[in-house]
Amino acid sequence: MNRVTTQDPIWGHPQVARLSRAGRRLWQADRDRPWMLDAALVFAVFLTSGLPDLLRDGHHEPALLNQTSTANVLLLQAGLILPLFWRRRAPFAVFTVIAAVFILQWSLNVWVRADLALFVALYSLARYGALRFLPWAAGITVAALAVVFVRVYSLVDVFAALFFLGCAATAAVALGLALRIAQGYLAALQDRAARLEVERDQRALLAAAAERTRVAREMHDIIGHNLSVIIGLADGGAAAADLAPERSKEALRLIGGTGRQALGELRRMLGVLRERTENGESVPQLSPQPGIADLDALCARVRAAGPQVVYRTVGNVDALDHGVQLTVYRIVQESLTNTLKHAGTDTRAQLTLAAEGQEVRIIVEDTGPPDGARSRPAPAEDGHGLAGMRERAALYNGTITAGPRPGGGWTVNALLDLTPHDLTAQGGTP
């Protein structure tokens, strides 16, 4: 088997390269000023076929040509050649006019070399005209060749002449159709390339939007939670500054520790965003993302700000996947942050985390503020926090419900479904 190469050596030949460059320049000039190429074609046809008839020599030209005047020859040439200037704008009309002059010329028994224009017009019709006109053009061409047959029957080998003319007409149509198909194929490829480029840009924009959403969600979780804890600690420390200076100092130490932790998480996240491998994938993280094991420390920080937090688990929650653990941590973090923000520091919160089979349930309840003065936003007015929790839960086909708790307070109930999904049945890749 011959080895197929991606590059044909012929395209590297200097002559072929020069012809290719010349063809590109010609195509560019024709696209910018198409009338110039049409005028050049009219001039070329006149130069190669019309001018020799005007400069005819009576001793070497056919007798039938000599029997007509130069003025008549010039008129016939004008009727055959000049319409070619409009061959791309009205190809069928141009072909009809040239065919009519061709039939008239042979009916008058006059031979001119400008008959070449008939085949140029036939090519132009196949190249630029409506294809429904081709059968009509074929009938007109047969009629024109029939007139030629009558005139040259007794002078030349008729069948050889008709075979030559028929082959010329067929070649003109075939060449026009071939170039038409090639141009259509090239236009389809260009359109496909343009659409692929647009789709690529759209995918890049969607990926950038998804990345911005993810970063915003992470920033909200990190900054929102830690700032709420810091504000709670600062308020508590300020209130205890006069009565219990030791508690004020402890609050300041906790504020410093919470701030350092938030700064570390931000640095880790932004470092991962900045550092990319050559193929665009994220580099391995130097510090693990928070998980179930970090919930105790999270509850401790919230307790330090004032609220009482009770945390209990059901099932083997430590065996959950790292991605699930991160989702659970962020949902709990956002829920406790909202508790601290809306219920204040004098509230009681209970966190329940249960892993049963292929489901993980998260329940965060608080008793609300003692005086009931503060209010939570209505479900229709949920901010980015609850929307972010719903997005995280949706990664595992989960649901989030949040609303007032009977007897006062607020409840957040999240359910994650860890059932493996059959990607093959959904048209994906297993």
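Modeller: Let's start with handedness: a crossing is left-handed if the near helix is turned anticlockwise from the far one by less than a right angle, and right-handed if clockwise. This is a predicted model, where local features need pLDDT of at least 70, side-chain atom pairs count only at pLDDT 80 or more, and totals for chains, interfaces and linings use all residues. Residues are numbered from 1 along each chain as its sequence is written, and side-chain values use heavy atoms, with hydrogens and water left out.

Colleague: At what angle do α5 and α7 pack?

Modeller: Two packed helices are described by the angle between their axes and the distance between the axes. Axes are lines fitted to C-alpha atoms, for helices over the stretch in contact, and angles run from 0 to 180 degrees between N-to-C directions. Here, α5 (residues 91-107) and α7 (residues 134-152) pack at about 15°, with axes 9 Å apart. They're therefore roughly parallel, the word for angles under 35 degrees, while over 145 is roughly antiparallel, 65 to 115 roughly perpendicular and the rest oblique. Their crossing is left-handed.

Colleague: Which residues of α5 and α7 make the contact?

Modeller: Contact means heavy atoms within 4.5 Å. Among them are Phe92, Phe95 and Trp106 of α5, and Trp136, Ile140 and Arg151 of α7.

Colleague: And how far apart are the axes of α4 and α5?

Modeller: Those are 8 Å apart, and α4 (residues 70-81) packs against α5 at about 150°. That makes α4 roughly antiparallel to α5. Leu76, Gly79 and Leu80 of α4 touch α5 residues including Val97 and Phe102.

Key
Helix = DSSP H or I, 4+ residues; strand = E, 2+ residues; numbered from the N terminus.
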